[in-house]
Amino acid sequence: MTIFFVLGFGYLVGRVSLGFFSVGSTAGSLLVGLVVGAAAFELAGVHFEIPDIVGTIFLALFTYAVGLRVGPQFVDGLRQEGVQLITLVMVTTTVAFAIAFGGSKWLGLAPGYAPGILSGANTISAVMGVATSAVHGGLYKVPEGFTEAQVTANIAAGYSLSYILSILAIVLLIRNLPGMCGIDPVKAAKAVESKYGTTGHALPGTSQAFDLGMPAAGVRVIRLTNPKVIGRPLLDTVRGLDAPVLRVTRGGTPLRLQSNPTLEADDLLTIAGPVEYLLKETATFGPEVADAAARHLDIDQAEIVLTRKEFVGKTLAELHASAPAYGTAIRALFRDGHELPLLPGTPLRRHDVIRVAAPPAALTRLSAALGQAVRPTNATDIVTLGLCIATGYAVGLITLRVGGIPVGLGTMGGIVVAGMAVSIARAVNPAFGGPMPEGARAFLESIGVDLFVSTLGLTVAPALVAALSQGRSTLLVLILGVVCATLPTFVSWLVGLYILRMDPMVLAGAVAGARNSTTAMRAISDKARSTVPAFGYPVAYAVSTVVFLIYGYLAMVLT
């Protein structure tokens, strides 16, 4: 009962926001768990002793879901994005590790604080999970004078003390980085937008060029009477129109448009689009008629994973102008789970996910040209989930001793790799491993980490109270956490701006992604009045997540 009370109330606390500042569900659940656990111990002498296996199960689900999310973009980032984003990620993560680990050693902080600070300062809960798993799994030898409970309490203390101030500090820093270097973020963003084919906000909604042929206002049926069109092949006739012909009905029977039929007198043409376009096309073909059967259109929706090399590197405008996209509507573009703006010049990358709405035949045609469509489903393949988590956990148990230090993936690292392997395979063949809807994956990621930290908070609360009673240590952790959150980002910003010569707005999104702060990316997007920073965010986010997990493990076992 207490675990689920902490979970529910923690989510409520996580929703409280002041502008761009909010603690989020994970920090909220941990905070409530610590308060409830401490109050129960201090007021009633109750010490929750929740078996480690409970938290491990939820942590395993969480890390597997993280692997599913970051896999394709992690690999593609290493292969395609070149030196710039990888350099930014390595600068950010390495400086952060040096500050958290070296600073904890220099200040004499107790074991566990270093990975906790690294996790909280960079708002990556999985790092705390990897460190905790290393302690419980025996990969870290607890020094004399300490217990496992004390070390895990220190991890939680480092995380919770660093997390809240770090969110606020990184948002303020990234919002003001351009101004600190004399850059007007609004002007800089507009310059980038013009490169991608627009000078305003992201489409759709600001330009008729990206209605992409789908009905924005209505559907009409026109009887073909124009002698200039009769006898001509359909595709040769309609390809240049402002509103697409989505169906041709002859004698009450729809024709197969893929066969490019020759138009005949009295054919019924079903046309969809904005009203002004429909009125114009009426003059091209003939009078409008009332035919309910011809006017009825079934619209399907799917998310297509881009795997065909013919469209990799092309822009959305080029995709829109291509024959396979005729009569379809691109509703959204996702990269590494993050939505990108629908600007005409937005380049497409392998494993991008394109959400498309269209009549079934048009959707099938575009899916075949781009890759494979993933249809909406409520089903989740548990066979793949179970076997992959088990395999990843087993692989993570394998360690080699190098200079007395256990080197290996760790159990949670093994599960992350298993999730990445599945997601990479699914990017090539979305049918691999059965269905895993994004909603189900996101639920596993959210509920997994939040139940883990809820049980952790309840269990370590008494030890945390004892740790925080040392006022000097608390102050040192707060200061070290803020430095670990901001200094690496500032250094990587300078490297990106003056050494790598990156566009400042794309760079702002990249440095936010390199330290996993969606909040900061949204903050600079708001200040720039543009969604351009989103272009630099996904790959840096995916790569840094994996690198931070490695550094979190090292910060624990090297302590």
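Tutor: The side chains of Glu 445 and Arg 441 meet in a salt bridge, 2.5 Å from N to O. The model is a predicted one.

Student: Why is the contact of Glu 445 and Arg 441 called a salt bridge?

Tutor: The N to O distance between Glu 445 and Arg 441 is 2.5 Å. The term requires a side-chain nitrogen of Lys or Arg within 4 Å of a carboxyl oxygen of Asp or Glu, so the pair qualifies.

Student: Where do Glu 445 and Arg 441 lie?

Tutor: Both are in helix 16 (residues 438–468), four residues apart, which is about one turn of the helix.

Student: What makes Glu 445 and Arg 441 count as buried?

Tutor: Buried means under 20% relative accessible area. Glu 445 has 15%, so it counts as buried. Arg 441 has 7%, so the term applies to Arg 441 too.

Student: Which contacts does Val 453 make, leaving aside neighbours within four places in sequence?

Tutor: Val 453, also a residue of helix 16, is in contact with Thr 26, Ser 29, Leu 30 and Met 128.

Student: How many salt bridges does a search of the whole structure find?

Tutor: It finds four. One of them joins Asp 267 and Arg 250, at 2.8 Å from N to O. Asp 267 lies in the loop between strand 5 (253–254) and strand 6 (268–273) and Arg 250 in strand 4 (residues 245–250), so the pair ties together parts that are 17 residues apart in sequence. Arg 250, Glu 264 and Asp 267 are linked in a network of salt bridges.

Student: Are Asp 267 and Arg 250 buried or partly exposed?

Tutor: Asp 267, at 1%, is buried because its value is under 20%. Arg 250, at 26%, falls between the limits of 20% and 50%, so it is partly exposed.

Student: What makes Glu 303 and Arg 355 a salt bridge?

Tutor: Their closest N and O atoms are 2.7 Å apart, within the 4 Å limit, so the term applies. Glu 303 lies in strand 8 and Arg 355 in strand 11, so this pair ties together parts that are 52 residues apart in sequence. Glu 303 is at 24% and Arg 355 at 26%; each value lies between 20% and 50%, so both are partly exposed.

Student: How do you know that strand 8 and strand 11 pair?

Tutor: Pairing needs at least two bridges, and six join strand 8 (residues 300–306) to strand 11 (residues 353–358), so the two strands pair; they run antiparallel. Ile 304 has Ile 354 as its bridge partner in strand 11.

Student: Which residue of strand 11 stands opposite Leu 333?

Tutor: Ile 354 does. Strand 9 (residues 329–335) pairs with strand 11 in the antiparallel sense over five bridges.

Student: What makes helix 20 mostly covered?

Tutor: Of its 21 residues, 19 are buried. Helix 20 (residues 537–557) reaches 30 Å from its first C-alpha to its last, close to the 30 Å expected at 1.5 Å a residue.

Terms used: Residues numbered from 1 in each chain as written. Predicted model: local features only at pLDDT ≥ 70, side-chain atom pairs only at ≥ 80, totals over all residues. Heavy atoms only, no water. Buried < 20%, exposed > 50% of the residue type's maximum accessible area, 1.4 Å probe, protein only. Expected span 1.5 Å × (residues − 1). Contact = heavy atoms within 4.5 Å.
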